[in-house]
Amino acid sequence: MSIDLQPVRAFLEPSHTALLEKAQAFTRELLASRKPPENDVEGRAEARALLKLMGGAGLFEPIKARDYRGCCLLREELAFHSPLADAVFALQALSATPLLLGGTPLQIGLAQEAIAGDEMGAFAMTEPEAGSDAHGMTCWARRDGDSYVLSGMKTLISNGGIADFYVVFAKVDKANPKSVSAFFVDAHAAGLEFVRPLVMSAPYPLGEIAFRDCRISESARIGKEGEGLRLALSTLDRLRATVGAAACGMAARALGEAIQHAQTRRQFGKPLADLQLIQDKIARMAIRLRAARLLVYEAAWEKDKGAERVTLESGMAKAFATENAQAIVDDAIQILGGRGVLQESVVDLLYRSVRSLRIYEGTTEIQHLLVAAQLLKPVRK
């Protein structure tokens, strides 16, 4: 099983067909046979192993090329087979994109190492008291001569504890919420401490880090002072549709598992697929999935065409795709019945994995606010 290109082909170029074939060869030959990790320790080791495999296969190249439809295809295909592999791709995109957009030549070179799979990145923005409210962050980068001294905490950081570098967002003026700047911080920098892992129900490297008078060179700053939030939001705007693509990949796998089970499982003397209530669920799942994919690829297409911002399109795509993917996976479990909630079940892993997509890179509620703001903008004075 794999994703179906036909419904979204109108948004794609011929090169995307070759890219998907490359990704499908990777998932078939190197990914499909890998056993999902069962705990946090295994998840961290597997994430590092997947980084090397994916980098060696050239799967991160669309990040460098700023081919967001390509990124969507890859995330959809990877998520179909392995939510963890998709997470590895997502974090390489999140950490490399700010460097590619605003970095110095040296920082762009470091992004190239991430694209090659030689360095694992992390995107350190969220704090204990600052999630959706980015202006509320308290992490501080104090100027000291030709250096900055970082102080503060970051939490819910993907790849926390296993990353080779962190793209860190911190204020340079405690009193000014608009003074957020971005910094490249090596994971071995003195004063950077991995505090603890944050364990998820689906093994995934997440953690909390602290900066305790962590001194970094002025050259570690990405872009100009005070441009960090703009850089972060630009990165998220570009990549948000790809979160929807990952949701679609998980939903497509759940739908496939549900159809297969419905056709082979017999109840009341006939296959489940003959029952109208099951047919209704499967039809609803398929309709939701196709609508989600069209929103996702339309948003990525707009960005690839050269749109400066796709806040409306990407917000719609992420909100609709992630919410409906959750519903699709839930319906799949209902169709599989007791088998669907066993830990060994594919749909159980999908159920535990898909939930976080409705939260990270902007919750569904935040996406609704962004969409509404875009729609109401023309009538505001």
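What follows is a short chat about some helices and single residues in a predicted model.

Reader: What kind of model is this?
Author: The model is predicted.

Reader: Let's start with α9 and α11. At what angle do they pack?
Author: Helix α9, residues 311–336, and helix α11, residues 364–376, pack at an angle of about 145°. Their axes are 9 Å apart.

Reader: Is the crossing of α9 and α11 left-handed or right-handed?
Author: The crossing of α9 past α11 is left-handed.

Reader: Which residues make the contact?
Author: From α9 they are Thr311, Leu312, Gly315, Met316, Lys318, Ala319, Thr322 and Glu323. From α11 they are Thr364, Gln367, His368, Leu370, Val371, Gln374 and Leu375.

Reader: And by class, what does the contact of α9 with α11 have?
Author: Six nonpolar, seven polar and two charged residues.

Reader: Staying with α11, which of its residues are buried?
Author: The buried residues of α11 are Thr364, Gln367 and Val371. They lie on the same side of α11, because they cover an arc of only 55° around the axis.

Reader: What about the other side of α11?
Author: Glu365 and Leu369 are exposed there.

Reader: What covers the buried residues of α11?
Author: The cover includes α7, residues 228–264, and α9.

Reader: What span should α11 have, and how far apart are its ends?
Author: At 1.5 Å a residue, the 13 residues of α11 should span 18 Å. The end C-alpha atoms of α11 are 18 Å apart, so the two agree.

Reader: Same question for α8. What should its 30 residues span?
Author: Helix α8, residues 276–305, should span 44 Å at 1.5 Å a residue. Its end C-alpha atoms are 43 Å apart, which agrees.

Reader: Which residues of α8 are buried?
Author: Among them are Ile278, Ile282, Met285, Leu289, Val296 and Tyr297. Arg293, Glu302 and Lys303 of α8 are also buried.

Reader: What do the buried residues of α8 pack against?
Author: They pack against α4, residues 68–81, and against α7 and α9.

Reader: What comes just after α8?
Author: Gly306, which takes a positive phi of about 115°.

Reader: New topic. What is the phi of Leu156?
Author: Leu156 has a positive phi of about 55°, although it is not a glycine. Most residues other than glycine have a negative phi.

Reader: Where is Leu156, then?
Author: Leu156 is in strand β3, residues 147–158. Its relative accessible area is 51%, so Leu156 is exposed; the cut-off for that is over 50%.

Reader: What about Asn159?
Author: Asn159 also has a positive phi, of about 70°, and is not a glycine. Asn159 sits in the loop between β3 and β4, the latter being residues 165–171.

Reader: Is Asn159 buried or exposed?
Author: Asn159 counts as buried, because its relative accessibility is 4%.

Reader: Where does Pro128 lie?
Author: Pro128 is in the loop between β1, residues 121–124, and β2, residues 140–144. At 49% relative accessibility, Pro128 counts as partly exposed.

Reader: What is Pro128 in contact with?
Author: Leaving aside neighbours within four places in sequence, Pro128 is in contact with Met153 and Thr155.

Reader: How far is Pro128 from Ile115?
Author: Their C-alpha atoms are separated by 30 Å, and the two residues are 13 residues apart along the chain.

Reader: Last one, back to α9. How far is Asp330 from Met316?
Author: Asp330, in helix α9, is 14 residues from Met316 in sequence and 21 Å from it in space, C-alpha to C-alpha. Asp330 is partly exposed, with a relative accessible area of 34%.

Technical notes:
Residues are numbered from 1 along each chain as its sequence is written. This is a predicted model: local features need pLDDT of at least 70, side-chain atom pairs count only at pLDDT 80 or more; totals for chains, interfaces and linings use all residues. Side-chain values use heavy atoms; hydrogens and water are left out. Axes are lines fitted to C-alpha atoms, for helices over the stretch in contact, and angles run from 0 to 180 degrees between N-to-C directions. Helices (H or I, at least four residues) and strands (E, at least two) are DSSP runs, numbered from the N terminus. A crossing is left-handed if the near helix is turned anticlockwise from the far one by less than a right angle, and right-handed if clockwise. Contact means heavy atoms within 4.5 Å. Ala, Val, Leu, Ile, Met, Phe, Trp, Tyr, Cys and Pro count as nonpolar, Asp, Glu, Lys and Arg as charged, and the others, Gly among them, as polar. The expected span of a helix is 1.5 Å times one less than its number of residues. Buried means under 20% relative accessible area, exposed over 50%, partly exposed in between (1.4 Å probe, protein chains only). The arc is that of the directions from the helix axis to the C-beta atoms.
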